[in-house]
Amino acid sequence: MKFSTTAKVLVALVLIIAAGVLHIAFNVTDFFGRGGDLRWVNTGRGVSYTVDAGAVFHGHESPFFFIATRDGVRYVSQFGESRWYTTMTLRRPILWGQGGYIAVSEGDRGRVVSVFDANGLAFSESFDYPVHTFSVNRNGFLSVILQMDDGYAVQAFHRQSVYRPMFRIVMREADHPGVIPLMSEMSDDGRVIALGLLDVRGRLHSKIQFRYTYRGDGWGTHGIFAEVSLEDQMLFHMRKTSNNRLVAITDTQIIVYTRDANDRISTTATIPLYNHLVDVAFDESGRFAVALGAAFLNAAVAEPMGTVKIFDPGGTQIGTFEAGRRVTSLSMGHGGVIVGKDRNFTAITVTGERLWEYIALQDTRDFLFLENSDTVLIAGASRADVWRRQRTRDGEAGDFFGIQGQEQ
């Protein structure tokens, strides 16, 4: 059956109106009963950017957030005011953040990594070789893996060691054939670096080396004081969390390692995976959440797709949530988790209890907590706005996407 142009326009108009009604029902009037007389209000404050700016964000349970675009890096308050703005030229900005620090570089074999905090640029490092991967911890320690012509180099920096790495090793292909450094994580005090390696010689397996960054600590040992081997596993992610813990995620399990006062490494938790991992998120206290996708082939005890599991810093499961379909984004903060399913976002507690739900009318790049669990940053294609869940006073209207909301 063919439709006339007029019919197509009418159908499109009906769909737009239906989406608007759903948005009002869910996000403004709370028609479905979530949150009483609380409603979502667009504060009208935020930051704009071009569609092709490649905007990336980092929030840290604060009224401020970081944004990096092709033109530079900004630190913006929930009132839309920039505390500082550093101009840069980034072909494709890549941002890694923990706590109140971010590290920014660019894709396409960039050779500069810059570290920022709440006061602006902390330090910047330039390299003779392309940056393979990098990370920064919550105290501003930066680790970088460089791809050399004949191998890899791993370096670590702090603002007090500018222009000279506080730690450096070179892994040449001739000396370490088939071994590829994948990722690195620094301890809070910068004294220890965990290096994730992939060994493709024979049967594929991964390794995690724990190394001292100061030569005096590791005299005669090349800095290595512990190493774990993950046979037949591909290391996907590592994250240093609270109390000297390291969360390592492979294609088949999650392992939590703990370093004690004598630098002994023990396995605190081992969490088997029977589903593909879609996303992972951490909060400032070291808790983490994982979103599960499709089950592994022939997995007898797999979870339904869209299951979100929440763990305490030691790896003990404390909550679960069934999203009902594939999860597309995950973020944490203020004792909660935001579970994204395309344009539908649900906030839950760390024990899995539902807090609120939000339906966006457009594609959303990021959805982050700001100063509390009722204040969020919603980033779209060309603008990021601060939204707040609040009670509307008599005579005050809720504003959303330019339309005045009705009073309760």
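Me: What should I know about the model and its numbering?
Reply: Residues are numbered from 1 along each chain as its sequence is written. The model is predicted, so local features need pLDDT of at least 70 and side-chain atom pairs pLDDT 80 or more, while totals for chains, interfaces and linings use all residues, and side-chain values use heavy atoms, leaving out hydrogens and water.

Me: How many helices and strands are in the protein chain?
Reply: Helices (H or I, at least four residues) and strands (E, at least two) are DSSP runs, numbered from the N terminus. Here the protein chain has one helix and 34 strands.

Me: What is the strand order in the open sheet of four strands?
Reply: Two strands pair if DSSP finds at least two bridges between them. This sheet runs β26-β27-β28-β29, with antiparallel pairing. β26 (329-333) and β29 (354-359) each have a single partner strand, so one side of each lacks a neighbour in the sheet. Five bridges join β26 to β27 (residues 336-341), and S331 stands opposite I338 in β27.

Me: Which residue forms a salt bridge with R159?
Reply: A salt bridge is a side-chain nitrogen of Lys or Arg within 4 Å of a carboxyl oxygen of Asp or Glu. R159 pairs with D117, their closest N and O atoms being 3.1 Å apart. R159 lies in the loop between β12 (151-157) and β13 (167-172) and D117 in strand β8 (residues 112-117), so the pair ties together parts 42 residues apart in sequence.

Me: Is D117 buried or exposed?
Reply: Buried means under 20% relative accessible area, exposed over 50%, partly exposed in between (1.4 Å probe, protein chains only). D117, at 7%, is buried, whereas R159, at 35%, is partly exposed.
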